[in-house]
Amino acid sequence: MDNHSPAMFLGDALALDFLNSVATPVDTPVDWIENGEAFLRWLEQAGLVPRETIDSLRSQALPGEIDKVADQARNLREWFRTFVREHKGKPLRPEAMGELEQLNRLLERDEGFSRVVARQTDEGEIFEFQPMRKWRTPEALLLPVGEELGRFVCTEDFSNVKACEGPVCTMLFADHTRGHRRRWCSMAMCGNRAKQAAHRDRIRKA
Ligand SMILES: [Zn+2]
């Protein structure tokens, strides 16, 4: 698996999927945002940036410019990982606010606006108030990510944020299951591995 294979979206929250954009699905770590091109692919798969925007930023960017933005994205990712790892498993306390300055500084750069658009529905055409963003430079690609992180901090119950119990797995997820008993990033990966290990254990003991 390399970063050309589709990224994994198992976190049940896009902000956590962003953290999971570096992971070790088999034996070797894969970074799905290791350079500019990879970051563009991830943003498109995540549905955070429209394809036309990606195409036009790609064609207008100077050499290396989007790679630099990917560097910043990885820095943002690792900063947010520290925050989430520290606060997961319990409700977020007001004191955590002091650690979010970096995120607010990013969000301040946003050049958002809204426009009225007409949309076709089953009941005919309706008008919609649609949030938009000016994509003046490739750095604007960080803004929808920042927005997801900010929304996550404000809306997710951090009690439900868990790390996969796979012994070498680094994936994080929000456990939205009833009863909150989710233990694995995915059954196909760590869940089955744990089942097989338990099975081998039972055989050995028997
Ligand atoms: Zn896992």
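Mentor: Let us begin with strand pairing: two strands pair if DSSP finds at least two bridges between them. The strands themselves (E, at least two residues), like the helices (H or I, at least four residues), are DSSP runs numbered from the N terminus. This is a predicted model, in which local features need pLDDT of at least 70 and side-chain atom pairs count only at pLDDT 80 or more, whereas totals for chains, interfaces and linings use all residues. Residues are numbered from 1 along each chain as its sequence is written, and side-chain values use heavy atoms, with hydrogens and water left out.

Trainee: How do you know that strand S3 and strand S4 are paired, and how do they run?

Mentor: Strand S3 (residues 112–121) and strand S4 (residues 124–133) are joined by 10 bridges and run antiparallel, and because the rule asks for at least two bridges, they count as a pair. With two residues between them, S3 and S4 form a hairpin.

Trainee: What does the secondary structure of the protein come to overall?

Mentor: The protein has seven helices and six strands, and along the sequence they follow the pattern α-β-β-α-α-α-α-β-β-α-β-β-α. The C-alpha trace spans about 70 × 45 × 40 Å along its principal axes.

Trainee: Are Cys164 and Cys169 buried or exposed?

Mentor: Buried means under 20% relative accessible area, exposed over 50%, and partly exposed in between (1.4 Å probe, protein chains only). The relative accessible area is 7% for Cys164 and 17% for Cys169, so both are buried. Phe9, in the segment before H1, stands at 31% and therefore counts as partly exposed. Of the 206 residues of the protein, 39% count as buried.

Trainee: Which residues does Arg81 touch?

Mentor: Contact means heavy atoms within 4.5 Å. Leaving out residues up to four places away in sequence, Arg81 touches Leu19, Val22, Thr170 and Leu172. Arg81 is found in helix H4 (residues 65–87) and is buried, because its relative accessible area is 12%.

Trainee: Which residues have the most contacts inside the largest nonpolar core?

Mentor: A nonpolar core is a set of buried Ala, Val, Leu, Ile, Met, Phe, Trp, Tyr and Cys residues joined through side-chain atoms within 4.5 Å. The largest such core has 53 residues, and those with the most contacts inside it are Leu16, Phe39, Trp42, Leu43, Phe80, Val84 and Phe152. H4 gives the most to this core, with nine residues. Among the residues that Leu16 touches are Val84, Phe152 and Leu172.

Trainee: Why are the rings of Phe152 and Phe158 called a tilted pair?

Mentor: Rings of Phe, Tyr and Trp (its six-membered ring) pair if their centres lie within 6.5 Å, with planes under 30 degrees apart counting as stacked, over 60 as edge-to-face and the rest as tilted. By this rule there are eight aromatic pairs. The centres of Phe152 and Phe158 are 5.4 Å apart and their planes stand at 55°, so the pair is tilted. Trp79 and Phe80, at 6.0 Å and 40°, are tilted for the corresponding reason. Ring pairs link Trp79, Phe80, Phe83, Phe152 and Phe158 into a cluster. Phe152 is buried at 4% relative accessibility, and Phe158 is buried at 0%.
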